[in-house]
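Hello,

Here is the structure you were waiting for. Please open it alongside this note, which goes through what turned up.

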Amino acid sequence: MTVMKTKIKEYRAKHNMKQDALAEMVGARRETIIRIEKGQYNPSLKLAMDIAKVFGVTVEELFSFEE
């Protein structure tokens, strides 16, 4: 089974950013950010790109898939 991994939590910590602030910046709910960070929700490509843009990184740097 393929599992999505994310580094959003790490990048938020580097930028001293809370989940609700990130959610507001990308037009999502805080609960959505929580679920993405826990691997319970795969974001749309647009949302993934918006999150990556906030941190100035590529989508590939934030998200990966593992078998």
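Helix α2 (residues 19-26) packs against α4 at an angle of about 115 degrees. The two axes lie 10 Å apart. Axes here are lines fitted to C-alpha atoms, for helices over the stretch in contact, and angles run from 0 to 180 degrees between N-to-C directions. Helices (H or I, at least four residues) are DSSP runs, numbered from the N terminus. The crossing of α2 past α4 is right-handed; that is, the near helix is turned clockwise from the far one by less than a right angle, with anticlockwise being left-handed.

This is a predicted model: local features need pLDDT of at least 70, side-chain atom pairs count only at pLDDT 80 or more, and totals for chains, interfaces and linings use all residues. Residues are numbered from 1 along each chain as its sequence is written, and side-chain values use heavy atoms, with hydrogens and water left out.

Which residues meet between α2 and α4? From α2 come Leu22, Met25 and Val26. From α4 come Leu47, Asp50, Ile51, Val54 and Phe55. Contact means heavy atoms within 4.5 Å. By class, this contact has seven nonpolar, no polar and one charged residues. Here Ala, Val, Leu, Ile, Met, Phe, Trp, Tyr, Cys and Pro count as nonpolar, Asp, Glu, Lys and Arg as charged, and the others, Gly among them, as polar.

Next, the rings. There is one aromatic pair. Rings of Phe, Tyr and Trp (its six-membered ring) pair if their centres lie within 6.5 Å; planes under 30 degrees apart are stacked, over 60 edge-to-face, the rest tilted. The ring centres of tyrosine 11 and phenylalanine 55 are 5.7 Å apart and the planes are at 35 degrees, so this pair is tilted. Tyrosine 11 is in helix α1 (residues 8-14) and phenylalanine 55 in helix α4 (residues 45-55), so the pair ties together parts 44 residues apart in sequence.

Tyrosine 11 is buried, at 12% relative accessibility. Phenylalanine 55 is buried too, at 7%. Buried means under 20% relative accessible area, exposed over 50%, partly exposed in between (1.4 Å probe, protein chains only). The charged end of lysine 14 sits over the tyrosine 11 ring, 4.7 Å from its centre. The rule: NZ of Lys or CZ of Arg within 6 Å of the ring centre and within 35 degrees of the ring normal.

Last, a loop residue. Asparagine 16 lies between α1 and α2. Its phi is positive, near 50 degrees. Asparagine 16 is exposed, with 74% relative accessible area.

Best wishes

How values were computed:
Helices (H or I, at least four residues) and strands (E, at least two) are DSSP runs, numbered from the N terminus.
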